[in-house]
There are 2 protein chains.
Amino acid sequence: MSAPIDFYFDFSSPYGYLMAEKIDALAAQYGRQVKWHPILLGVIFQATGSRPPADGTSSKAAYMLRDFARSARHLGLPYNPPSRFPLPTQNAARAYYWLEGEDCALARRFALAVYRAFFVDDLDISAPETVFEIAGQIGVDRDKLAAAVQSPEIKARLKDECAAALQAGVFGSPHVIIDGEPFFGADRLPQIERWLATGGF
Amino acid sequence: MSAPIDFYFDFSSPYGYLMAEKIDALAAQYGRQVKWHPILLGVIFQATGSRPPADGTSSKAAYMLRDFARSARHLGLPYNPPSRFPLPTQNAARAYYWLEGEDCALARRFALAVYRAFFVDDLDISAPETVFEIAGQIGVDRDKLAAAVQSPEIKARLKDECAAALQAGVFGSPHVIIDGEPFFGADRLPQIERWLATGGF
């Protein structure tokens with residue numbers, strides 16, 4: 001059996017959202033599993049000296065906002081530009097890692113629910129209460145979750161995941177690694193599909 | 001008749017090369033013409049505060065080199081990583097604008113020949129002699145060209161094109177504008193095709 005595909009993303013990344021909606025089904029078509037790794041782009045950018053894609057010049061930032069929406073339409077996904085963007089996502093990421101230890105399928109549903117809350121329903125996913133509310137709606141015990149995201153173990157897990165992502169060469173979101181081959185950006189979906197279909201090209 | 005599609009690129013841009021090999025045939029499928037605009041990314045980056053994509057962290061730079069080659073394979077195009085990269089391209093760009101005034105089809109052949117000289121044959125396209133040699137091989141009068149690239153009119157033309165590109169919102173290469181809709185990157189070819197086929201989506 002092949003090793004799982006690694007999918008690194010920040011919950012505040014629009015292209016990460018697009019990839020999150022597509023990668024599991026695409027991988028499944030080729031008999032592959034995906035391991036999700038929420039990370040903090042702030043940590044990645046600080047370590048690598050990179051900048052957010054929509055940062056910098058006004059013409060580039062304006063383009064990115066337009067491209068987020070058009071790329072979502074191209075992939076047939078709903079998208080509403082968040083009124084607060086970008087947002088800190090450590091609460092959502094920590095919640096993910098705790099849930100993953102409890103119930104992997106539930107963690108996956110939670111991650112998609114967080115992305116949709118942010119990029120479709122314009123909720124403030126930086127707020128712990130919002131994260132707990134999203135989790136509660138899919139059956140997670142809110143009190144247990146609230147305690148877990150404050151635990152030293154879960155805080156350490158997110159730090160370790162960011163460090164491991166850097167070690168793996170991750171410099172942005174989404175970043176997908178298939179058997180050592182890195183793909184950066186939701187626009188690499190056609191190349192990812194071809195790689196899975198052919199074993200490399 | 002529709003206005004021409006605008007295609008902005010730097011002769012030192014690998015993704016610009018990939019777009020250059022594809023855009024004319026794609027546009028022609030939908031009855032559209034393309035106006036080519038060689039520009040200088042150095043001027044664009046200085047004005048916009050952007051940075052070259054392969055600049056910065058070593059993990060991002062290493063990824064880009066890998067992605068250049070893989071993206072070329074994905075598009076079925078030959079690609080050999082240039083040993084000198086990036087290179088200044090004002091001589092090639094000026095030559096293009098002079099040729100365009102003489103013979104538009106010849107200018108197009110020249111542009112593709114310059115890209116292939118750089119990204120397939122690893123020639124130093126920053127050198128005026130190399131540019132003249134490439135032009136000579138497709139039937140251009142080398143002496144006339146050598147004089148033209150030094151003329152104040154052609155130098156001013158390239159400056160004006162860079163200023164106009166900035167005005168049009170260009171911040172990198174390749175940048176394609178179809179009826180006001182901007183597409184940045186060779187990876188936007190599927191969206192460009194869909195836009196041309198549907199008139200917008």
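Which helix of chain B does Arg109(B) lie in? Arg109(B) lies in helix H5 of chain B, residues 104-119. Helices here are DSSP runs of H or I with at least four residues, strands are runs of E with at least two, and both are numbered from the N terminus.

Some housekeeping before I go on. This is a predicted model, in which local features need pLDDT of at least 70 and side-chain atom pairs count only at pLDDT 80 or more, while totals for chains, interfaces and linings use all residues. Residues are numbered from 1 along each chain as its sequence is written, chains are lettered from A and ligands numbered from 1 in the order in which they are written, and side-chain values use heavy atoms, with hydrogens and water left out.

Back to Arg109(B). Its relative accessibility is 48%, so Arg109(B) counts as partly exposed. The cut-offs are under 20% relative accessible area for buried and over 50% for exposed, with partly exposed in between, using a 1.4 Å probe and protein chains only. Between Arg109(B) and Ala148(B) there are 18 Å, C-alpha to C-alpha, and the two are 39 residues apart in sequence.

Next, Asn91(B), in helix H4 of chain B, residues 90-102. Is Asn91(B) buried or exposed? Asn91(B) is buried, because its relative accessible area is 11%. Contact means heavy atoms within 4.5 Å. With neighbours within four places in sequence left aside, Asn91(B) is in contact with Ser126(B), Pro128(B), Val131(B) and Val149(B).

Now helix H9 of chain B, residues 189-198. Its buried residues are Leu189(B), Gln191(B), Ile192(B), Trp195(B) and Leu196(B). They are on the same side of H9(B), because they cover an arc of only 160 degrees around the axis; the arc is taken over the directions from the helix axis to the C-beta atoms. What lies over these buried residues? The cover comes from both chains: it includes helix H3 (58-74) of chain A, and from chain B strand S1 (5-9), helix H1 (14-29), strand S3 (175-178) and strand S4 (181-184).

How much area do chain B and chain A bury between them? The figure is about 2900 Å², with 48% of it on carbon and sulfur atoms. Buried area is the accessible area, with a 1.4 Å probe, that two parts lose on being put together, summed over both. On the side of chain B, Tyr63(B), Arg70(B) and His74(B) lose the most area to chain A, together 22% of what that side buries. In contacts, 29 residues of chain B meet 29 residues of chain A.

The rule finds 20 residue pairs in polar contact across this interface, both residues at pLDDT 80 or more. A polar contact is a pair of N or O atoms within 3.5 Å; within protein, one must be able to donate a hydrogen and the other to accept it, and residues adjacent in sequence count only if both atoms are side-chain atoms. On the chain B side, the elements giving two or more residues are helix H3 (58-74), S4 and H9. H3(B) gives the largest share, nine residues.

Last, the salt bridges. The rule asks for a side-chain nitrogen of Lys or Arg within 4 Å of a carboxyl oxygen of Asp or Glu. Over all chains the count comes to 29, and eight salt bridges are found across the interface of chain B and chain A.

One of the pairs is Arg66(A) and Glu181(B), at 2.6 Å, N to O. This pair crosses between chains, from helix H3 of chain A to strand S4 of chain B. Arg66(A) is partly exposed at 40% relative accessibility, whereas Glu181(B) is buried at 6%.

Within chain B, Arg70(B) and Asp67(B) form a salt bridge at 3.0 Å, N to O. Both lie in helix H3 of chain B, three residues apart, about one turn of the helix. Arg70(B) is buried at 1% relative accessibility, and Asp67(B) is buried with a relative accessible area of 1%.

Another pair is Arg142(B) and Glu133(B), at 2.7 Å, N to O. Arg142(B) is partly exposed at 30%, and Glu133(B) is partly exposed at 37%. Salt bridges that share partners make one network of residues from both chains, among them Arg66(A), Glu181(B), Asp67(B) and Arg70(B).
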